[in-house]
Amino acid sequence: MSVTPEDRRYMAAAMRLSRWRTGLTATNPSVGAIVVRDGAIVGRAVTAPGGRPHGETQALSQAGEKARGATLYVTLEPCSHHGKTPPCADAIVAAGISRVVVSLTDPDPRVSGRGLAILRQAGIAVDEGVLEEESRRALQAYLMRQTKGRPHVTLKLAVSADGMIGRRGEEQITITGPAARAQVHVLRAEMDAILVGIGTALADDPELTCRAPGLETRSPLRVVLNRRLDLSPASKLARSARQVPVLLASIPSPREQEEGARRADGGDDASTLGRLRTELAAAGVEILETRSLATLLSTLAARGISSLLVEGGAAVAKSFLEAGLVDRILLFEGAVTVGANGIASPVTGADIPAGFRLLREAAFGPDRLTEYERSP
C-alpha cells in the first residue's frame with residue numbers, strides 16, 4: 001500500500017506525542033503510537049516515564065477491540081526482544097492490527113529489523129520511512145547513544161553583542177532576558193544531563209536545575225568537570241546533590257596524572273584531597289575519575305545518558321568543539337555589551353565552526369536564538 005498524505009499527518013501527530021516524554025524515559029526512547037480505524041483515532045500513547053510500558057502497548061490497550069483491522073502509526077520500530085516486558089511486535093500481532101506505519105528502524109541490535117520481520121511474517125502490511133528525517137531529529141539522542149556509544153551533545157552559549165559570554169573577576173552577568181532564560185529551563189527539562197566546568201561552578205555557584213513552572217521535577221543529572229576536586233561542599237550543587245544528582249568528573253592532564261601518581265603515597269596534597277572527597281561524598285556528590293572527554297561520554301552512555309547539555313564555560317566549550325564532540329549548537333545572542341575584561345565566546349554568529357549548518361532561528365523578546373546542527 002502506498003503512503004498517503006493522511007499517513008504523514010498521523011505520523012506527525014505520533015511524533016508530537018513522542019516529544020511529551022523527551023528526557024523522561026531513561027534508557028528507552030520516547031516513542032509515540034497512534035491507532036487509527038476508519039479514519040478515526042481510537043488509541044494513542046507515548047512511552048511512560050521510566051521507559052515502560054511502551055507507547056505501542058498502551059495505545060493498543062486504549063483501542064481495545066477497535067484495534068482489530070486498524071492501522072498503527074509508530075515513530076520507531078516496535079521491539080522484538082523479551083526484556084522486562086514482552087515484545088511490542090507480538091502484542092501488535094495479537095491485537096489484530098492489519099497495517100503498521102513506521103518512521104524509523106531501531107538501531108538497537110536486539111531489534112534492528114526483527115520487529116518488522118515479525119509483523120510481516122504475521123501477514124501485517126508494513127510501510128517504513130514515513131517522515132524519517134523528522135523522526136531522526138526527534139530521536140537523535142537515542143540514536144546517537146545506540147550508534148556511537150555516547151550521548152548527543154548540545155552546546156548552549158549566551159553571547160553578548162560584543163561576542164562575550166561573561167567578564168573576568170566579576171559576578172555573573174545577565175546577557176539574555178527572561179524569555180530566553182525560560183527557554184533554557186525548558187531545554188534542561190528535555191535533557192538527561194547538564195555539564196559545566198569548575199570555573200563556572202566556582203564563579204556563578206549555579207544550581208543547574210529546571211525551574212520552569214510545572215517542570216521542577218525534571219531536572220537532569222548535573223556534571224561538573226573538575227580536575228582537582230575543589231568544588232566546595234558548601235556550593236549549591238553539593239548542598240542539593242541528594243535531591244538532584246551531581247557527578248564530579250575528574251579528567252587530569254597528563255602532567256597532573258604523573259604528579260598524582262607521585263603523590264599517591266601521602267603528603268599534604270593527598271590529605272587535602274582525601275578530606276574533600278569525604279566531604280563531597282557525605283553531601284551525596286559522586287566522584288568519577290576518567291582520562292578524557294570521550295571516555296567520560298562513553299561512561300555516561302553506559303549509564304543510559306542519551307543527551308547532554310554543555311552550558312559553560314568558554315574553556316569547556318572549546319574543549320568539546322576541538323574534540324569533535326558537539327552535535328548541536330544553540331546560540332542565544334543578547335543586546336548587552338560586556339566591554340572590558342570580557343571572556344570571548346568560542347563561537348559567535350559570525351564564526352560558526354566548519355561542519356555545522358543552520359537549522360532554525362527564533363526570537364525571545366529582544367534576544368535571538370540560532371540553532372546549528374552538525375552536517376551528516
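Student: Where does L229 lie?

Tutor: L229 sits in the loop between strand 9 (221-225) and helix 9 (236-239). Helices (H or I, at least four residues) and strands (E, at least two) are DSSP runs, numbered from the N terminus. Keep in mind that this is a predicted model, where local features need pLDDT of at least 70 and side-chain atom pairs count only at pLDDT 80 or more, while totals for chains, interfaces and linings use all residues. Residues are numbered from 1 along each chain as its sequence is written, and side-chain values use heavy atoms, with hydrogens and water left out.

Student: What is the phi of L229, and is the residue buried or exposed?

Tutor: Its phi is positive, about 55°, although L229 is not a glycine. Buried means under 20% relative accessible area, exposed over 50%, and partly exposed in between (1.4 Å probe, protein chains only). At 2% relative accessibility, L229 counts as buried. Look at L131 too: its phi is near 55°, again positive in a residue other than glycine. L131 is in the loop between strand 5 (125-127) and helix 5 (132-138), and it is buried at 19% relative accessible area.

Student: Which residues does a cis peptide bond join?

Tutor: P53 belongs to the loop between strand 2 (40-46) and helix 2 (55-63). Another links G312 and G313, with omega about 0°. You'll find G313 in the loop between strand 12 (307-312) and helix 13.

Student: Let's follow the chain into helix 13, then. Which residues of helix 13 are buried?

Tutor: In helix 13 (residues 314-322), they are A314, V316, A317 and F320. They cover an arc of only 165° around the axis, which puts them on the same side of helix 13. That arc is taken over the directions from the helix axis to the C-beta atoms. On the other side of helix 13, A315 and E322 are exposed. After the helix comes G324, with a positive phi near 70°.

Student: How do I read a pocket, and what volume has the second largest pocket?

Tutor: On a 1 Å grid over the protein atoms alone, a cavity is a set of points where a 1.4 Å probe fits but cannot get out, and a pocket is an open set with protein on both sides within 12 Å along at least five of seven lines; lining residues have an atom within 4 Å of a point. The second largest pocket has a volume of about 770 Å³. Of the 38 residues that line it, the closest to its centre are R19, T22, R137, A138 and Q140. Helix 6 gives the largest share of the lining, four residues. A volume here is the space filled by probe spheres set on the points, with grid points joined across faces, edges and corners.

Student: Which residues does T154 touch?

Tutor: T154, in strand 6, touches M191, L308, L309, V310, R328 and L330, not counting residues up to four places away in sequence. Contact means heavy atoms within 4.5 Å. T154 is buried, at 0% relative accessible area.

Student: Last one: how many disulfides does a search of the whole structure find?

Tutor: A disulfide is a covalent bond between the sulfur atoms of two cysteines. Here the test is a pair of cysteine sulfur atoms within 2.5 Å, and the search finds zero. C79 is in no disulfide, as the nearest cysteine sulfur, that of C88, is 3.7 Å away. C79 is buried at 8% relative accessible area, and C210 is buried at 2%.
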